[in-house]
Amino acid sequence: MKIIPSLLITFSFLAAAGCKKEPSCDNAELCVKNTGSDTIYYCWGCSFHADTLLPGSKACKNVGAIGDGSVIWADFDCSKGVYRIEVADCYVEKEIQ
């Protein structure tokens with residue numbers, strides 16, 4: 001008789017895990033936050049750093065639609081390096097020092 005409660009708990013856990021909702025949105029947003037003390041020079045997907053990101057501020061970009069398990073990759077090229085960032089949710093924030 002101890003097996004039945006264990007099975008119920010196991011099936012309940014599996015059912016809850018199977019109901020996880022996949023993110024779906026028409027235009028996911030990616031933000032990069034400067035958590036350091038230096039100004040970061042950057043651009044999205046290019047090599048000419050025309051924009052600046054002051055300490056404590058964010059740079060955001062709409063990257064397109066996601067849903068049904070899709071993933072978008074965005075390139076953030078900056079004076080700290082090149083970051084290839086995975087966007088698998090409707091809002092993603094990456095911190096750079």
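Predicted model: local features only at pLDDT ≥ 70, side-chain atom pairs only at ≥ 80, totals over all residues.
Residues are numbered from 1 along each chain as its sequence is written, and side-chain values use heavy atoms, with hydrogens and water left out. Local features need pLDDT of at least 70 and side-chain atom pairs count only at pLDDT 80 or more, whereas totals for chains, interfaces and linings use all residues.

The protein chain has 1 helix and 7 strands, taken as DSSP runs (H or I of at least four residues for helices, E of at least two for strands) and numbered from the N terminus. Along the sequence they come as α-β-β-β-β-β-β-β.

An open sheet is built from 3 strands in the order 4-1-7, with mixed pairing; two strands pair if DSSP finds at least two bridges between them. Strand 4 (58–66) and strand 7 (91–96) sit at the edges with a single partner strand each, so one side of each has no neighbour in the sheet. Strand 1 (residues 25–34) runs parallel to strand 7, joined to it by 6 bridges.

Strand 5 (residues 72–78) pairs with strand 6 (residues 81–87) in the antiparallel sense, over 7 bridges. The two make a hairpin with 2 residues between them, and Phe-76 stands opposite Tyr-83 in strand 6.

As for burial, 27% of the 97 residues of the protein chain count as buried, meaning under 20% relative accessible area (1.4 Å probe, protein chains only). Among contacts (heavy atoms within 4.5 Å) between residues at least 6 apart in sequence, 57% join residues at least 24 apart.

Terms used. Buried < 20%, exposed > 50% of the residue type's maximum accessible area, 1.4 Å probe, protein only.
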